Amino acid sequence: MASPASTTPTVMCRGERFRLFLDEATIQARVRELGRQISADYAGRRPILIGVLNGAFMFLADLMRAIDIDCEVDFLKLSSYGAQKVSSGQVQELKRIDADVRGRDVLIVEDIVDTGLSMHYMQRLLEAHEPASVRTVTLLHKPDATRNDVQLDYVAFEIPNLFVIGYGLDYGQLARNLREIYILDEEATDVPAGD
Ligand code: IMP
């Protein structure tokens, strides 16, 4: 007989099964909430959102449309996990920002903070450009995996320490186009808490 858990939608990616974790409506509602919060916090200012390629492009596009004050955008790219599900432990800058952020209010926009290595690296990188302020936004945070000293100002969802795909997040470059977020179907996981 089918168990209740078996009714959860699943997708296959590179031969592994992932199950639905955050549906589109849940993601969109939380992104709109963050947009409102950022608009209020930065009222009267003109922040520049620095999106981290490739993973954050979808979240950034939705978040920016949920912000109703003047804002700008630029991108940087760091080395990714490649086709692995665990961090290589090394970060490389593959694309630098073009904007001059000296004296600006910078918001780093990430898809996910796992070990925190990339975010730690970016915070130091951006601070070296002497901006007026640096804050961070991440769609997902795996608190149990974070080993590095990171300042997280806006977190959409805290999630368990399991690999996730969809809504910009990839597994070996696949699955970014899914509108929902799916989690590796390994063991029971808790419902994510909004932050
Ligand atoms: P960190 O440096 O370990 O915090 O990892 C950050 C980067 O690793 C993210 O920007 C993602 O590109 C990638 N990453 C970490 N966890 C996942 C995951 O569960 N799914 C997909 N990509 C991930």
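This is a guided tour of a predicted model, moving from the whole chain to single pairs of side chains.

**Whole chain**

Begin with a cartoon view of everything. The protein has three helices and eleven strands. Followed from the N terminus, the elements come in the order β-β-α-β-α-β-β-β-α-β-β-β-β-β. Of the 195 residues in the protein, 47% are buried. Among contacts with a separation of 6 or more, 69% are between residues 24 or more positions apart.

Select residues 10-13, which are strand β1, and residues 164-165, which are strand β9. These are the edge strands of an open sheet of four strands. Each of the two pairs on one side only. The order across the sheet is β1-β2-β10-β9, and the pairing is antiparallel. As background, the strands of a sheet pair through backbone hydrogen bonds, in either a parallel or an antiparallel way.

Next, select β2 (residues 16-22) and β10 (residues 181-184). How many bridges join β2 to β10? There are four, and the two strands run antiparallel. Within this pairing, find F18, which stands opposite L184 in β10.

**The ring cluster**

The structure holds two aromatic pairs. For the pair F163 and Y171, the ring centres are 5.5 Å apart and the planes are at 65 degrees, so this pair is edge-to-face; the cut-off for that label is over 60 degrees.

R19 belongs to strand β2, while D185 sits in the loop between β10 and β11 (193-194), so the pair ties together parts that are 166 residues apart in sequence. R19 is buried, with a relative accessible area of 16%, and D185 is partly exposed at 37%. The salt bridges come to twelve in total.

**Salt bridges within helices**

Select helix α1, residues 24-41, and show the side chains of R30 and E33. Their closest N and O atoms are 2.5 Å apart, in a salt bridge. Both residues lie in α1, three residues apart, which is about one turn of the helix. R30 is buried at 8% relative accessible area, whereas E33 is partly exposed at 39%.

Now move to helix α2, residues 57-65, and pick out D62 and R65. This salt bridge has its closest N and O atoms 2.9 Å apart. What separates R65 and D62 along the helix? They are three residues apart, about one helical turn. R65 is exposed, with a relative accessible area of 65%, while D62 is buried at 16%.

**Last stop**

Finish by selecting R46, E72 and R104. Salt bridges that share partners join these three residues into one network.

How values were computed:
Residues numbered from 1 in each chain as written. Predicted model: local features only at pLDDT ≥ 70, side-chain atom pairs only at ≥ 80, totals over all residues. Heavy atoms only, no water. Phe/Tyr/Trp six-rings, centres within 6.5 Å; stacked < 30°, edge-to-face > 60°. Pairing = 2+ DSSP bridges. Salt bridge = Lys/Arg side-chain N within 4 Å of Asp/Glu carboxyl O. Buried < 20%, exposed > 50% of the residue type's maximum accessible area, 1.4 Å probe, protein only. Contact = heavy atoms within 4.5 Å.
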